[in-house]
Amino acid sequence: MLRERIADDIYVFTSRRYAQVTAGAVLTKEGVVLIDTLFYPEETQAIKDFIEKRLGLTICYVIITHYHADHSTGAWMFPGARIVGHARCRDLLNTSGRKGLEQMKAQMPEFQSSRIVLPDMVFHEGTLNIHIGGKTLRLYHFPGHSLDMVGVMVVNDRIFFASDNSMPVPTFFDGNYDGLVKAVRTMIEMDPTNVVQGHGEVILRGEVETILQDDLNYLLKIKEKVEQVIARGEPREAVENITIESCGKSRIPLHGLVADLHLANLRHLYDELKNGADQ
Ligand SMILES: [Zn+2]
């Protein structure tokens with residue numbers, strides 16, 4: 001796990017073991033807010049040890065940005081904290097999340113002690129503010145990458161934890177294309193100083209607008225190309241010919257995983273557009 005201090009009192013932790021997934025910690029004198037956990041218990045334990053043992057601070061809140069296992073599975077390791085998320089995240093963890101964890105346990109012994117912990121503080125719409133130790137964390141429901149997705153603005157620092165609505169290739173195959181386009185546009189308008197992506201490197205001051213605009217261009221480009229496939233009456237498989245490079249993104253980040261994510265985007269978008277057209 002890589003630990004990075006991006007402000008006096010804000011850390012980002014990046015997994016070395018799973019797709020550069022990130023978690024964050026906002027430190028205050030009244031306690032710490034954790035934003036997501038990492039996938040493997042060993043890495044979440046390292047975050048916990050750093051905050052509790054090395055810094056001597058208490059973790060009061062764990063915000064779960066969305067139900068995907070690489071972000072949420074470690075919540076059980078913080079029994080003293082309030083677990084916060086969108087109402088839909090609670091539902092999805094309770095259904096898909098439980099099933100997914102059973103499968104993980106069957107395949108990977110290191111998850112034997114893991115269990116699903118549901119958020120005990122949820123919101124349905126609008127925003128939710130957490131005020132703690134002079135800091136305000138504002139949670140936004142941004143359905144895009146997934147339908148339960150929450151982004152977190154640390155208001156004092158204008159640092160935005162975008163979770164998986166921002167990745168080296170933005171993805172929506174478990175969510176909604178229009179939702180993600182809207183989320184990226186809103187993030188550009190919010191004009192944060194830094195964006196912590198759900199996977200990959202932190203977007204630094206001065207790069208934010210360029211990178212988010214690049215994500216938006218990618219999303220618009222794939223729609224244009226998938227629409228052409230549909231207009232030509234070609235089958236779903238034809239989207240496989242649309243390369244990631246032709247949509248303005250590199251296939252290198254996340255050890256090449258982005259090419260698979262791109263393909264999943266294309267298939268999902270084909271279905272979304274096709275079903276829409278059939279109605
Ligand atoms: Zn995700």
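These questions and answers set values from a predicted model against their definitions. Local features need pLDDT of at least 70, side-chain atom pairs count only at pLDDT 80 or more, and totals for chains, interfaces and linings use all residues. Residues are numbered from 1 along each chain as its sequence is written, and side-chain values use heavy atoms, without hydrogens and water.

Q: What makes His66, His68, His145 and Asp164 donors of the zinc ion?
A: Donors are N, O and S atoms within 2.8 Å of the metal (3.2 Å for Na, K and Ca); water is not among the atoms, so sites may look incomplete. His66 (NE2), His68 (ND1), His145 (NE2) and Asp164 (OD) lie 2.2 Å from the zinc ion. They are therefore its protein donors.

Q: Why is the arrangement around the zinc ion called irregular?
A: Four donors count as tetrahedral if all angles lie between 85 and 135 degrees. Four count as square planar, and six as octahedral, if opposite donors are over 155 degrees apart and all others between 65 and 115; anything else is irregular. The four donor atoms here subtend angles of 90 to 177°, so the arrangement is irregular.

Q: Why does His66 count as buried?
A: Buried means under 20% relative accessible area, exposed over 50%, partly exposed in between (1.4 Å probe, protein chains only). His66 has 0% relative accessibility, so it is buried. His145, at 6%, is buried too.

Q: Why does Asp36 count as buried?
A: Its relative accessibility is 3%, so the residue counts as buried. Asp36 sits in the loop between strand E4 (31-35) and helix H1 (41-54).

Q: How do you know that Asp36 has no salt bridge?
A: A salt bridge is a side-chain nitrogen of Lys or Arg within 4 Å of a carboxyl oxygen of Asp or Glu. The nearest side chain of opposite charge to Asp36, Arg90, is 16 Å away.

Q: What makes Asp36 and Thr65 a polar contact?
A: A polar contact is a pair of N or O atoms within 3.5 Å; within protein, one must be able to donate a hydrogen and the other to accept it, and residues adjacent in sequence count only if both atoms are side-chain atoms. The side chains of Asp36 and Thr65 are joined at 2.7 Å. Asp36 also makes a polar contact with the side chain of His71, at 3.0 Å.

Q: What makes Arg17 and Glu110 a salt bridge?
A: Their closest N and O atoms are 2.9 Å apart. The pair links parts of the chain 93 residues apart.

Q: Why is Arg232 called exposed?
A: Its relative accessibility is 53%, so Arg232 counts as exposed. Its salt-bridge partner is Glu234, at 3.0 Å. Glu234 has 27%, so that residue is partly exposed.

Notes
Helix = DSSP H or I, 4+ residues; strand = E, 2+ residues; numbered from the N terminus. Lys, Arg positive; Asp, Glu negative; His and termini not counted.
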